[in-house]
Amino acid sequence: MNWWHRLWHRKQMDQQLDKELRFHLEQHAADLIARGHDPAEARRQARLAFGGPEQVREECRDARGTRWLEDLLQDFRYALRVLRQKPGFAMVALLTLALGVGATTLMFTVVNGVLLKPLPYPHPDRLVALREKTDKPTQFGNLWPFAYPNFLDSRSASHALDIAAWRYGGGTLSEPGEADYADAREISAGLFAVLGVAPVLGRAFLPEEDRPGAAPVAIISHGLWQRRFGGNQGAIGSRVVLDGKSYTVVGVMPPAFRLGDDDVDLFTLLGQDTQPLMQNREAHIGLRAWARLRPGATLEGARAELAVIGHQLAEQYPKSNAGRTFIAEPLRPEVGEARSTLWLLFGAVGLVLLIACVNVASLLLARAVSRDSELAMRVALGAGRSRLVRQCLTESAVLGLAGGGIGIAFAAAGLRPFVAFWPGSLPRAQEVQLDWHVLLFAIAVSLACGILFGLAPALRAPARELEQTLRAGVRTVAGGSRRLHSGFVAAEIALAVVLLVSAGMLGRTLLRLSSLDPGVNIQNVLIARMALSPGAFANPEKTRGAWQDVLENARRVPGVESIAMVDTVPMREGINELGYWNSPAMPPRNEMPLALATSVTPDYLKVMGIPLRLGRFFDDQDRMGNQPVVVIDEVLAQKAFGGEQAVGKQLWIPDMGPAPVEVVGVVGHVRHWGLANDDQAQVRAQFYYPFSQVPDSLLRRWSELMSIAVRTSSAPLNVVASLRRGVRGASNDQVLSEVRTMEQLAGGTLAQQRFLLLLFGIFAGLALLLACIGIYGVVAYLTSRRVPEFGVRLALGASAGEVMWLVLRQSLGMIFTGVVIGTLVALGAANLLERSVSGMQHNEAMTFAIMIVVLVGAALFASFLPARRASRIDPMSALRQE
Amino acid sequence: MAPSKSDLPQGTLDLLILKIVALGPVHGYAIAQRLQQVSRDVVQAPQGSLYPALHRLENRGFLAADWKESETGREAKFYRLSRKGRAQLEKETASWQRLTEAVGLILELSEGGTK
């Protein structure tokens, strides 16, 4: 019989035990009677010889080994009864806990999904990311994406790794259906095999297709299959047209498949990309190399092998590969800024949970004190101390688990709204789910809380001086419990200080950042990426003409005031950093200072509202063949020419050709990196050059990067539809993508700060509320215990004010301790915030002072109510109570 | 002179029960009787204290039990030795013998020392 069986059948087992013992007694008596004893005497002797039957029965039950469980069940039932007895207490405690555990569980669910879960591919621990590494760092660092030839050579040389690669792409998908932007990736044929994912329909790419000249093939996403082919099986073998090039669809990926964190529409082959740069070993054109360790291979082994391969290639191709090797790191999800935000929030939520625990602990302690005589009675009746401690802990664990259960329900309900509320989009949002990891976490947290706040009442379970406790009744407060209560209040205050100060710092930071001038007039500006018709790339004249048409057509759209083209838009992802020098005697390239280069058309200044400080901006005369010109911002003017007059000076920019360019104007600085980041950015200097002077050889590449910026006369989003129609062009296949207003882009740069402030504000408010409830409860409780004392004081002539002061002094002591400890911890928290949130204000005494005043005020108010009640005690009735 | 009564040394009750049950299926009362007879009333413990030991041995799988009709026609719980119990009996018997031998040796030694 196993223990479960024994537990389940314990009634039946008890009956059998009775029967067995009865048999013994009766048999013994029968034997004695047979030997001639009087029946009554015989039964007496049998009982004597047997010993105490009740004791035997207990010992037999103990022998079953299920005793602890039976006790647990008993304690459990008792705990439920006790909770039901005081529904008010139970409600407050449960709600407090549910809030704490719920918020913590919610944050953990997000942390787990975004940061802790491995990548959604089979055996993710065997996946690695490869990069090139140079001995000497340049101003861009020393880690590089792979050059395509290096990838091909490493792939064929490696025995430890199956290496695949991919690269960002995307363009206009013009068939089947309406032309629109499609997110695409160029991949090597083996990528899906390396990831361990197969198409649900059709097949993966074949190695022989992954080379120039092979028949163009594509694999599409499940989403695109549904949208463009209506989920029809006939999609396999049919045609899609991307950027004017036709591909045969050979496969459809599973619905949940994502590459990294992206839901990609379309995959084509790297080997079919005919750009000359692909074959250039010196070009690092954003190729990601991902690999899977082959069975038996280790990461260490793979690293050693890559080092050898790197060395061999360096000897073979010294021009491009000298001092260059390859490194492997475990492949991890890219989550960017979300990491620090999430950990900060998780920490804040943990503080709220702690406050909730402390609150419930002080409630429980107050109740335990009034139950002293009950516990003393139990000890007097023979309960062991460990048994009482166990019972107390069971009670608080039941409370914890019940609160945790409600908390999990809160978390489940709040999860989707929270994810939707995340600024921008939460990375790996589809991974955020309540799963058994989360449930386990929530249960563990609830249990830990239960034990944490049950410990104080449990440990004061009476052991000695029973008689005193029993006789004293319920009126005394032991010094120990008062100290514990003060400790609880101090802890709550300290925790609340940390959250309040953090929220205050975030608030001040946001206030300061929002008041910064972005350098552009962000009102009524619309930005969108623009793709020309594939037909426009037949020759450079046609391309320039197509752009001219776009600008003219857009200008005619109602609501459009002015329009310009731009490649890198302020506060949006994507930059172009170029080295410059102010004389022909240039330093080595990797020591040259960098500036942000932006290619624009003449109306850009008007559209963006950037102030012209000196000279002029571009006009239609700045074209190919005329003197190459640039306009620089104030920062570059200062850096390159000091205080001197910059207009008319020359700059040498090797990436734009050997000849110098002429500075024709100086404009205001634009916070390109965003309101929060620009001041700390490494490269702040900016210059603009005319799109019309981009050489023919680069025209196609530049055209692919171009966006349009439009100043509108009314709300910019209202013109989007007509603008889309206006620029579609003669062949009806020119599309806009990533349509944003400048206000959205600028707001996005403060999104993290704003989001953190909002949540920290909520948490701080919650902490303040919980702390006040806690203080009120403790002070009211301690005061109620001192009613007779106050009665005596009043009877002996103390004034009401003096009694009130007595109470307030006590809580002031607790508040002071809490504030001192809290301030110290808050200094640490402020440090953490400064490191993890960009643009964070250095911690200021002002913020601390304001927040502490708020807190102390609230805490005093909470203790004022019981204090006033104490001062209004009627001495006579108070004394009679004793 | 009546033999003096003493408590059982720790753990020996289990050994004695196993030994008695090894002779054949037997109920608790009979074990108590047999214990008393065999030990010639030297060992005197309340008969009830036998039962926790029996239940413990049953729970540990050394004894198995069935309800059967007794010699007087009433239903009683009969204990018998399991395979695991038999191994335990042998082990404990051996270790008991080793212990008594060792104790005997020590006692003889101390006698020799005083001579």
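## An exposed asparagine

Let's start with A:Asn732, which is exposed, having 12 other C-beta atoms within 10 Å. You'll find A:Asn732 in the loop between α22 (720-726) and β24 (735-741) of chain A. Helices (H or I, at least four residues) and strands (E, at least two) are DSSP runs, numbered from the N terminus.

A quick word on what you're looking at: this is a predicted model, where local features need pLDDT of at least 70, side-chain atom pairs count only at pLDDT 80 or more, and totals for chains, interfaces and linings use all residues. Residues are numbered from 1 along each chain as its sequence is written, while chains are lettered from A and ligands numbered from 1 in the order in which they are written.

Most residues other than glycine have a negative phi, and most peptide bonds are trans. A:Arg428 is another non-glycine with a positive phi, this one about 60 degrees. A:Arg428 sits in the loop between α14 (385-421) and α15 (436-459) of chain A, and is buried, with 21 other C-beta atoms within 10 Å.

Then there's the peptide bond from A:Glu175 to A:Pro176, which is cis, with omega near -5 degrees. A:Pro176 belongs to the loop between β4 (171-175) and β5 (180-182) of chain A.

An automatic or database domain assignment supplies the domain bounds. For chain A they are domain 1 (3-65), domain 2 (124-330), domain 3 (338-514 + 751-881) and domain 4 (533-733). Between the C-alpha centres of domain 2 and domain 3 of chain A there are 54 Å.

Now for helix α13 (residues 372-380) of chain A, whose buried residues are A:Asp372, A:Leu375 and A:Ala376. Looking down the axis of α13(A), these buried residues fall within an arc of 100 degrees, so they line one face of the helix; the arc is that of the directions from the helix axis to the C-beta atoms. After α13(A) comes A:Gly382, with a positive phi near 110 degrees.

## Where the chains meet

Chain A puts 17 residues in contact with 14 residues of chain B (contact: C-beta atoms, placed from the backbone, within 7 Å). On chain A's side, the elements giving two or more residues are α2 (10-34), α3 (39-50) and α4 (53-63). α2(A) supplies the largest share, 6 residues.

## Inside chain B

Chain B has 4 helices and 3 strands, in the order α-β-α-α-β-β-α along the sequence. Of its 115 residues, 25% count as buried.

Helices α1 (residues 12-22) and α2 (residues 28-38) of chain B have axes that come within 10 Å and cross at roughly 110 degrees. That makes α1(B) roughly perpendicular to α2(B). (Axes are lines fitted to C-alpha atoms, for helices over the stretch in contact, with angles from 0 to 180 degrees between N-to-C directions; under 35 degrees is roughly parallel, over 145 roughly antiparallel, 65 to 115 roughly perpendicular and the rest oblique.) B:Leu16, B:Ile17 and B:Ile20 of α1(B) make the contact with B:Ile31, B:Arg34 and B:Leu35 of α2(B).

Methods
Contact = placed C-beta atoms within 7 Å. Buried ≥ 20, exposed ≤ 12 C-beta atoms within 10 Å, placed from the backbone.
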